[in-house]
Amino acid sequence: MTSSSILPLLEAVENRRNTNSLKWDSASQLLSPAAAACDPLPMWVADMDFKPPRPVIEAMVRAAETAVFGYSSAHNPSYLEAVRGWQKRRFGFDVAPEWIVPVSGVITALKTIIQAFSNPGDSVLIQPPVYAHFHDDVLLNGRFPAFAPLQRRQGGYSYDPEVFEAAIRPNTRIFILSNPHNPTGNVWSEEELRSMGEICARHGILVISDEIHQDLILNPACRHVPFASLSPELADISITCTAPSKTFNLPGLQCANAFIPNPRLKGEFQRQLERNLYPRVNAMGLVAAEAAYRHGEPWLDALLEQVRSNHAHFSTAINGLKAGIEVLPADALYLTWMDCRGLGMDAAALEHFMLTKARLWLDKGQKFGVEGHGYMRINLGCPRPTVEEAIERLQAALAAHKNG
């Protein structure tokens with residue numbers, strides 16, 4: 001199928017209610033009774049409202065029909081070649097097969113890395129506003145975040161090497177890089193990545209590059225640069241985490257990969273993984289991942305066209321209101337970062353407004369650190385009618401707020 005023939009399928013509205021969906025079926029568990037009663041439109045957690053590529057579904061059906069559900073091996077040559085081929089085709093990144101460690105998810109890998117390469121009381125460098133697990137899992141494991149905030153500029157955010165290096169402490173052992181950056185949508189240039197890497201190398205800091213959003217580049221002028229592709233020296237002090245989950249909407253299948261060029265780091269990571277859990281990966285997840293990496297590019301091309309259009313439509317509609325919300329430009333992600341500080345609400349009031357007045361269930365900005373207070377993240381990985389509904393609800397709520 002071509003991307004043009006796939007695009008109409010992405011416009012179809014799928015009813016995800018009553019499918020055991022975290023996104024659509026958990027309001028009564030995760031929201032207050034008052035907020036849940038408003039039936040807010042779920043546009044929060046980062047999964048999409050699209051079916052995965054048809055070849056993925058067909059591969060899983062074939063696997064199910066074998067009726068053999070024994071222990072799986074993720075080290076079969078076919079799977080490894082599919083993973084390596086994707087990185088080479090999309091990014092020119094040569095991943096050696098011996099670097100690849102399949103894991104159940106990027107978060108599993110992050111927790112394992114924190115435990116394996118730092119001690120309780122050590123600090124871990126992050127760049128807020130940033131994905132909540134970067135600071136929450138650091139704290140959960142008895143370590144402490146060292147904050148190197150991105151600098152808020154007109155229309156977005158930027159990296160400042162002086163701020164970055166000044167945040168490093170004597171006990172900073174790890175830097176967790178969001179590449180591309182979630183939630184701001186920044187696509188890091190080779191120069192910026194090299195600066196971060198060289199600073200970390202000088203200070204003996206391990207770089208963990210979370211590249212789960214690597215395929216979701218919206219701006220044609222930007223390209224994703226895998227951190228470990230910069231040089232053998234920087235690859236040697238890094239672990240790269242990837243997964244097909246965001247790209248192809250497969251998060252429930254629990255399949256990801258860590259690329260670890262340094263054999264010593266790989267061995268320590270695997271030992272900690274064995275301490276924590278049974279390290280095998282879901283058999284169906286492996287089937288889906290291989291099919292996606294082999295046959296999913298036309299679907300991905302159509303998806304990027306859809307998300308690009310959604311973002312442009314949503315930002316034009318909301319920014320055109322000039323009502324206290326600015327939808328920031330995004331070079332990547334199907335997630336959009338909104339500056340709502342012009343509404344004059346504190347973080348709790350803003351969340352309440354979105355849930356009960358706009359009737360939109362978004363990710364509250366404070367999840368991403370104190371720098372996120374006054375912001376909201378909205379998921380535009382959905383059919384256009386859902387985007388239209390969100391615009392209408394937000395427009396009505398903003399009009400009522402202005403007149404109230």
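Buried means under 20% relative accessible area, exposed means over 50%, and partly exposed lies in between, with a 1.4 Å probe and protein chains only. Keep those cut-offs at hand for the tour.

This is a predicted model: local features need pLDDT of at least 70, side-chain atom pairs count only at pLDDT 80 or more, and totals for chains, interfaces and linings use all residues. Residues are numbered from 1 along each chain as its sequence is written, and side-chain values use heavy atoms, with hydrogens and water left out.

**Stop 1**

Select Asp-363. At 4% relative accessibility, Asp-363 is buried. A salt bridge here is a side-chain nitrogen of Lys or Arg within 4 Å of a carboxyl oxygen of Asp or Glu. Lys-367 is partly exposed, with a relative accessible area of 30%.

Next, show the strands. Strands are DSSP runs of E with at least two residues, helices are runs of H or I with at least four, and both are numbered from the N terminus. Two strands pair if DSSP finds at least two bridges between them. Strand S14 covers 363-364. Which strand do two bridges join to S14? It is strand S15, residues 375-379, and the two run antiparallel. Asp-363 stands opposite Arg-377 in S15.

Zoom out to the open sheet. Four strands make it up, in the order S11-S12-S15-S14, with antiparallel pairing. Strand S11 (326-327) and strand S14 are the edge strands, and each pairs on one side only. Helix H16 packs on this sheet and touches strand S12 (335-339), S14 and S15. Contact means heavy atoms within 4.5 Å. The direction of H16 makes about 35 degrees with that of S15. Axes are lines fitted to C-alpha atoms, for helices over the stretch in contact, and angles run from 0 to 180 degrees between N-to-C directions.

**Stop 2: Arg-359**

Follow H16 to its loop. Arg-359 is found between helix H16 (347-357) and strand S13 (360-361). Arg-359 has a positive phi of about 55 degrees, although it is not a glycine. Its relative accessibility is 30%, which counts as partly exposed.

**Stop 3: Ala-67**

Select Ala-67, in the loop between helix H5 (54-65) and helix H6 (77-91). Ala-67 is not a glycine, yet its phi is positive, at about 55 degrees. Is Ala-67 buried or exposed? Ala-67 is exposed, with a relative accessible area of 55%.

**Stop 4**

Side chains of opposite charge can pair when their charged atoms come close. How many salt bridges are there by this rule? The count comes to 24.

Select Lys-88 and Asp-94. Their closest N and O atoms are 3.2 Å apart. Lys-88 is partly exposed at 42%, and Asp-94 is exposed at 53%.

Move on to Arg-202 and Glu-165. Here the closest N and O atoms of the salt bridge are 3.1 Å apart. Arg-202 lies in helix H10 and Glu-165 in helix H9 (residues 161-166), so the pair ties together parts that are 37 residues apart in sequence. Arg-202 is exposed at 56%, and Glu-165 is partly exposed at 28%.

Then pick Arg-16, Lys-23, Asp-47 and Asp-49. A network of salt bridges links them.

**Stop 5: strand S2**

Show strand S2, residues 100-103. Ile-100 and Pro-102 point one way, Val-101 and Val-103 the other way, and all are buried. Four bridges join S2 to strand S10 (residues 256-259), and the two run antiparallel. Val-101 stands opposite Ala-258 in S10.

**Stop 6: two cis bonds**

Select Pro-128 and Pro-129. The peptide bond between them is cis, with omega near 0 degrees. Pro-129 is in the loop between strand S3 (123-126) and helix H8 (132-140).

Now jump to Asn-182 and Pro-183. They are joined by a cis peptide bond with omega of about 25 degrees. Pro-183 is in the loop between strand S7 (172-178) and helix H10 (190-202).
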